[in-house]
Every structure is written in structure tokens, then in C-alpha cells.
Amino acid sequence: MTSASPLAAPAAPVASASPSLQAPLPPLPELSPAQAAGLDDPDLLAQCVVDIPLGSSLRRIGLGLSGMYCAACAITIEDALLQVPGVREVQVQATSQRARILVDPAQVSLSAMVSAVQRVGYRAWPDAAARAGHERLRERRVLVWRLSVAAFCMMQVMMIAVPQYVAGPREIPEDIWNLMNWANWVLSLPVLLFSCGPFFTGAWRAARQGRIAMDTPVAIGIAATFIVSTGVSFGAQDVFGHEAYFDSLTMFVTFLLAGRWLESRARERVTQSLEALCVRLPEAVERAVDAVADAELGTVAVASVPLSSLRHGDRVRVAVGQAFPADGLILLGQTEVDEALLTGESRAVPRAPGQTVVAGSLNLGAPVWMSVERLGPDTRYQQIVSLVHQAMTEKPGWMRSADRIAGPFLWGVLALAAGGFVVWQWIDPSRAVWVAVSVLVVTCPCALSLAAPSALLSAAGAMAKRGVLVRRLDALEALATVRQVYFDKTGTLTEGELSVVALVSGGASHRLQETLPEAVAAQWQQAVSLAAHSQHPLSRSVVQAARDAGQAVSPGQWLDVKELAGKGVEAQDAAGLTWRLGRSDWALGPDEGDLDAADAPRVWLAAWRDGQCLPDTTLGLRMDEVFRAEALPAVQQLRALGCSASLLSGDHVDRVHEAARHLGTDVAGAQSSPEDKLAVIAAAQQLGARVAVVGDGINDAPVLAQADVSVALDQGAALAQSQADLIVLNGRLTGLPEAVLQSRRAMRIVRQNLAWAAVYNFGCIPLALMGLLPPWAAGLGMAASSLLVVLNSLRLGATPWKSSTS
């Protein structure tokens with residue numbers, strides 16, 4: 001059935017493509033009504049929604065593509081999709097063969113977009129890593145067949161041509177010579193009609209669009225070589241000369257196809273690390289049939305249901321080796337969980353009843369039961385997948401500009417080849433075609449088009465393995481030159497909760513680890529008992545501190561318990577006293593306490609009678625922030641990389657300076673408003689500094705938008721993440737210096753790739769024009785240059801990272 005607005009309310013994403021999509025789409029210019037209805041089915045369309053822009057009714061749709069070999073292909077598909085009503089923005093990445101499309105769901109359907117892609121000669125389907133792998137396997141098999149036919153025919157042609165190479169003048173009779181040319185012509189036909197299919201197809205569909213593709217010069221060279229050689233073989237020597245080039249034709253087609261096959265394998269490795277994040281969810285799960293107590297789940301009947309049928313509150317059994325299908329809580333059983341692809345943590349983490357698990361993580365220890373709390377786009381996994389899709393389709397602005405000049409460059413290639421042909425008609429007409437073909441092949445800028453995207457995607461994949469997701473590939477170039485990093489303090493360098501470090505009573509301070517005086521211990525127990533009735537973060541910190549100290553936590557026998565927003569918890573004891581636990585100006589009275597002092601207790605306990613606070617019952621709970629375990633190592637590693645780190649926080653001056661002393665950083669601002677932070681960043685940028693900002697709160701969003709590179713934590717506010725270029729998973733702050741190091745390596749490899757591609761292209765053009773580079777050598781060089789660029793980029797994922805300047 002066709003839906004008028006199929007994308008307006010996407011269902012929960014599924015793990016892989018529907019079975020109806022597993023077979024390759026037929027290469028038809030238009031979709032049949034049945035195909036269109038299948039693509040517009042809401043359950044199938046849900047897997048295409050890779051992102052929902054914050055505060056917008058638009059949707060970002062992912063499409064997988066096949067048949068792309070160059071930047072010009074990406075431009076053709078982008079322009080075709082932009083002509084579909086309702087499509088607002090398109091990004092196509094040739095390296096990963098994916099499209100990311102911003103659409104108005106009320107105006108566009110998936111079938112219209114797929115049909116637009118197929119009309120310009122490419123395949124498209126709802127983006128899924130499983131389907132992408134299937135398509136790549138199909139293409140690779142066809143490519144192997146084409147290569148095998150070309151290689152076999154080349155060997156036969158060479159066996160026939162070798163006697164022609166070594167024979168002296170008139171040693172081979174003319175009729176035998178012509179017979180050998182005819183045999184080579186017959187052997188070249190399968191190469192031309194089958195093996196050269198990708199080159200002619202790419203050139204033809206570009207010509208239909210009034211464009212020129214990177215296959216165009218190659219296709220023209222192949223066709224010209226075959227036509228001239230055919231004319232020579234069939235007696236038109238007066239027009240075409242006396243040289244047949246079937247040996248060069250079959251040889252350089254074989255080399256080109258071999259290079260394309262090796263290049264496709266290498267390019268697949270570039271995107272595999274990113275795709276691995278997108279296929280973690282199981283297709284089916286075991287759901288409890290009956291409602292029983294958690295302790296009895298081990299005996300309850302289960303039913304296997306598809307992932308899309310799960311609902312909030314369902315209880316699911318997860319077997320060993322299976323991925324958790326949703327975010328939720330462990331109900332029964334203890335296990336170890338592999339969260340490496342989601343958090344960058346390489347070691348398995350233990351999980352017991354009451355603890356949380358995230359969708360996409362793997363159960364390694366034992367079967368467990370879990371309750372489903374978050375599904376689909378609400379899960380952390382799906383948010384990560386959305387970022388991965390963006391990384392796989394993102395193209396830096398300078399790369400898009402380079403793509404746009406590919407067309408004029410290729411027209412220049414054709415003009416250069418034509419000029420070489422004309423000149424050689426005067427020098428040696430028998431070699432004119434030979435020279436023109438060599439120029440067409442050797443100047444094809446495939447290596448230049450692959451130089452940057454292959455390296456940047458490989459770097460993004462390596463970062464994903466380490467718990468850093470790249471939202472904008474442009475950021476890698478800026479990150480490589482960053483020398484100043486500004487950190488927000490609260491929630492970024494520190495954990496989200498505070499910890500009780502001391503108790504203050506009668507002017508004396510007592511640490512929890514010490515033996516407390518009897519009166520202080522009694523007051524502490526009252527505070528813990530009251531805190532157990534509250535879910536405020538400070539109350540939870542009090543309860544956790546008691547548990548960490550090995551003390552029992554009991555709600556106690558309180559009467560009329562009240563929790564007052566912004567103040568604290570209040571209750572009456574059996575003696576009629578009213579106890580308050582909370583802010584100093586409320587718990588002690590408006591004239592008591594100092595909330596602005598950095599070392600003052602943040603929470604106070606006191607008893608009240610007849611509207612008066614009883615001074616001998618007061619107890620102050622001094623609380624301090626807990627620094628993340630990786631905060632200090634991250635700052636030290638950044639310093640080793642030549643980056644200075646500074647704190648830019650809205651917290652109290654004393655607390656910020658204390659944190660700076662602990663971490664060994666500078667203080668760029670304390671008690672700073674968002675406007676103050678923006679002024680600090682702008683001033684640093686005006687001095688020519690490349691600035692990175694790390695934050696997690698809503699108030700950090702403006703300064704993140706201002707920074708050259710913005711980094712947010714995945715536990716932070718959605719608004720902060722929407723402004724970030726990089727997302728650090730699981731609070732792994734050491735991922736930032738690792739990302740700096742990786743981005744520097746990535747840009748170094750991009751420069752190497754560009755230098756090699758430029759040297760190859762501009763160095764071989766004079767050789768081809770001078771007639772010193774035969775077509776088969778030009779084909780070999782073209783294939784080798786593209787392969788070398790991709791293999792060089794793969795070093796980014798293969799070389800272990802080192803948190804040093806080396």
C-alpha cells in the first residue's frame with residue numbers, strides 16, 4: 001500500500017533489511033507499482049530514518065547505493081535527488097556508497113527517491129549495512145567474472161601477438177599476419193562486450209545527463225582502440241594505419257579491472273568499522289509470555305517475536321552471544337557485557353540485577369532477563385547509528401568543491417587527448433591513436449577523487465572503535481591544527497553526581513572514613529534516613545556515601561514526609577520534631593549558611609520546634625565533585641600533543657581554581673555566563689588560535705557552535721550534542737587526545753595521497769604525450785595509483801594509536 005506521508009511517524013528501526021529487500025533490485029528505469037508499494041510500506045520505511053533534526057518536522061533518510069566509481073557519480077545522484085519534490089538537501093559519498101537526504105515527510109516518498117536514482121542508472125535501497133554487504137558481494141562477483149574473461153582473453157591475445165613482436169620484416173606471410181589479427185579481434189570481442197561493461201555504462205549514463213564521468217575518457221579510449229584495430233584487421237590500413245592494438249586493449253582493460261577489484265576490497269575495509277555499528281541488534285527476541293514475579297522468570301514460557309513488536313515494559317531473555325535489543329534493566333541473572341562498539345571500552349563490564357544495559361551491547365557471560373525501557377530512536381544505540389550514518393555520508397566543503405571541478409577537469413583531459421592525437425598525426429600517424437588512448441587513461445583523476453574521502457572515512461572508523469563518533473568530517477581538518485582546548489567543568493571533567501567528603505558539626509569537620517563521634521554518627525544516620533525518601537541527585541549521593549561506607553540505609557519511622565522543590569526533604573519524628581535536610585537557608589533559616597563559599601557544606605540537616613531551629617541538631621554535609629577517572633590523563637595527553645587546556649566554567653571561582661590545580665590546567669573563566677564564554681572563545685580566535693571546546697550542558701551549546709571544533713559527551717544535553725562535531729561515548733575523555741592524534745595522522749595521509757596522485761597524473765601526462773607510455777602501462781599506472789591511495793588510507797585503521805607526539 002502506498003502512504004501519502006510514509007515518513008511522518010517512523011516506527012522503531014529494525015536490525016536489517018526486510019527479506020523482500022534481500023534480492024538485488026532489477027536495473028529498471030522505473031519502479032513497478034508493486035515495488036513502489038513495497039518501498040512505501042511504513043514498517044519498511046522506518047529503517048531509512050537515520051536522524052530527526054532537533055525541533056524540526058523534517059527527517060533525514062538514508063539510502064544505500066551501488067554502481068558508483070567516482071566523484072562525478074555522486075554529483076549525478078545528488079542532482080537527480082534534488083529534483084524530487086520534498087527533498088531539501090542531499091549528500092552522497094562515493095567511498096561509502098551512501099546518500100543522506102533531508103526531506104519533508106509530507107511531500108516525499110521513498111519510492112520517488114529510489115526511482116530518481118534508478119533513472120540516472122544507479123541502484124538504490126533503504127540504507128542497511130546488511131544490504132550494503134549483499135550488494136557489494138554481488139558487484140564483486142560480477143567484477144571477478146569480468147576480470148576473469150579479460151585476463152583469459154588477454155593471455156590468448158598475447159600468445160598470438162608475441163610472434164608478431166619478435167618476427168623480422170616479412171618473416172610472417174601477410175595472409176598469416178591478417179589471420180592472427182582476425183583471431184585477436186575475435187578474442188577481443190568478449191572483452192569489449194562483457195568486461196568493458198562498467199566503463200561504457202558509466203560513460204553512457206553520464207552522457208544521457210549531459211555530463212562527463214571518469215569512465216568517459218576510458219570508454220572513449222577503449223572504443224577508439226578497438227575501432228582502429230578493427231579497421232586495420234579488415235583491410236582499411238590506408239585510413240587507420242598498419243598497427244592493431246588488441247594486445248594493448250586487452251591488457252589495459254585487465255589491469256583496470258584488477259585495480260578496480262582490489263580498490264573495491266580496500267574501500268570496503270574503509271567503511272566496515274563504521275558499518276559494524278549498524279548491525280548489532282537481533283532480528284528476533286525471546287519475550288516472556290506470562291506475567292510472573294522477576295524471581296520466577298527462569299521458568300516462564302517464552303515466545304520468539306520480531307524486534308519491531310517489542311514494547312516498553314516487555315521482559316526479554318537474552319542468550320549468551322546475543323545483542324541486547326533495547327535499553328533496559330537486568331531483572332534476573334548476572335553476566336558480563338561487551339560494550340566496545342558503543343563506548344570504546346575494550347574490556348567486558350559486569351552487569352547484575354538492577355543495573356542498566358544498552359541496546360547493541362553483547363551478552364558474554366550467561367543468559368539474563370531484562371526489562372525494556374527504551375526502544376528505537378530513544379535508545380543510545382540508535383543515536384549512535386544516526387551519527388555513524390552522518391559520518392558515512394558527510395563530505396567536507398572543500399571536498400564538495402573538488403567534486404564540482406571534476407567535470408571541467410575531465411573535459412580538459414578530452415581536449416588534451418585530442419590535441420595529442422592531432423600533433424601525432426604530423427609526427428607519426430601510426431602512433432596517434434596509441435598516444436591519445438594513453439593520455440585518456442593516464443589522466444583519469446580517480447586517485448585524486450579518492451585521496452581525501454578514503455582517508456577521512458578510515459579515520460572516522462578508527463575513532464568509532466575508540467569511542468569517538470565524528471559528526472562532521474570537516475572537523476578532522478580543524479582538529480588536526482587545534483592548539484587550545486577549553487573544558488567545561490561540571491558534568492564534563494566531573495561526574496554527574498557529588499560525593500559526601502566530610503561532616504561538619506559544632507565547627508569541627510569529620511571525614512566519613514574516620515570514626516565519628518556518637519552524636520555526629522546519630523545525626524548522620526538521620527540525614528541518610530531522610531535522604532532515602534528523595535530522588536534528588538544530592539539525596540542519592542548521600543545514600544550512596546552511606547552504602548560505600550558499609551552502613552545500612554533505612555527509610556526510618558518518619559511521619560508526614562514532604563519533598564519541597566528547590567529546598568529539600570522535611571519530615572517529623574516520633575518526638576514531634578520537624579527535621580529538614582536541604583539548602584542551608586531553608587534547613588537552618590534564612591540568616592544561616594553560605595551557599596557561595598566553595599568549601600561550605602552544600603546540604604544541611606537540622607531539627608525544628610515551634611518554628612525555631614535547634615542549633616545542637618545541625619549537621620553540615622560537605623560535598624565535592626568527583627573527577628572523571630580519565631580527566632587528568634586526558635589533560636596530560638593533550639599537553640604532550642602540544643595542546644594547552646583551560647577551564648571555562650560557570651561554577652564558583654574557588655571551585656574552578658581548585659579543579660584547575662587538581663588537573664594542572666589554566667583558568668580561562670569562572671562564574672562565566674554563556675555570553676562570557678563566547679567572548680573568551682572569540683578573543684582566542686581573533687588571535688589566530690584554532691579552538692576546541694568540550695562541554696555537555698544546554699548552556700554549552702552557544703560556545704560549542706562558536707568553536708572551531710566542538711566536542712560533547714554522549715550523556716550530555718541533546719542541544720549540546722546537536723552543536724558538536726565529535727561525540728565522546730561513555731565519558732571517555734582520553735578519546736579526545738586520541739582523536740587529535742588520529743586527525744593529525746589522517747590529514748598527513750590526505751596530503752600524502754594528494755601529493756602522490758598529483759605527481760602520478762602530472763608526471764605521466766608528458767610521457768604519454770611524448771609516446772613513451774603505452775596504453776597498457778597507462779592502465780596499470782591508473783589502477784595502481786588508485787589502489788595505493790586507498791591502501792595508504794587503510795593505515796589509519798591498522799596502526800595502533802599512541803597517546804604521544806610520536
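In this predicted model, the axes of helix H6 and helix H7 (residues 197-208) come within 6 Å and cross at roughly 45°. The two helices, H6 and H7, are therefore oblique to each other. On the H6 side, the residues that meet H7 are Leu192, Phe194 and Ser195, and their partners in H7 are Gly197, Pro198, Phe199 and Phe200. Sorted by class, the contact of H6 with H7 has five nonpolar residues, two polar and no charged.

H6 (residues 174-195) also packs with helix H8 (residues 215-233), at an angle of about 155° and with the axes 10 Å apart. Angles over 145 degrees count as roughly antiparallel, which means that H6 is roughly antiparallel to H8. The crossing of H6 past H8 is left-handed. H6 contributes Asn181, Trp182, Trp185, Ser188, Leu189 and Leu192 to this contact, while H8 contributes Ile222, Phe226, Thr230 and Ser233. The contact of H6 with H8 comprises six nonpolar and four polar residues, with no charged ones. Leu192 takes part in the contact with H7 and in the contact with H8.

An α-helix has 3.6 residues a turn, so residues three or four places apart point the same way. After H22 comes Gly642, with a positive phi near 85°.

Definitions and conventions: Residues numbered from 1 in each chain as written. Predicted model: local features only at pLDDT ≥ 70, side-chain atom pairs only at ≥ 80, totals over all residues. Heavy atoms only, no water. Axes fitted to C-alpha atoms, helices over the stretch in contact; angles between N-to-C directions. Helix = DSSP H or I, 4+ residues; strand = E, 2+ residues; numbered from the N terminus. Parallel < 35°, antiparallel > 145°, perpendicular 65-115°, else oblique. Left-handed = near helix turned anticlockwise from the far one by under 90°. Contact = heavy atoms within 4.5 Å. Nonpolar A, V, L, I, M, F, W, Y, C, P; charged D, E, K, R; others polar.
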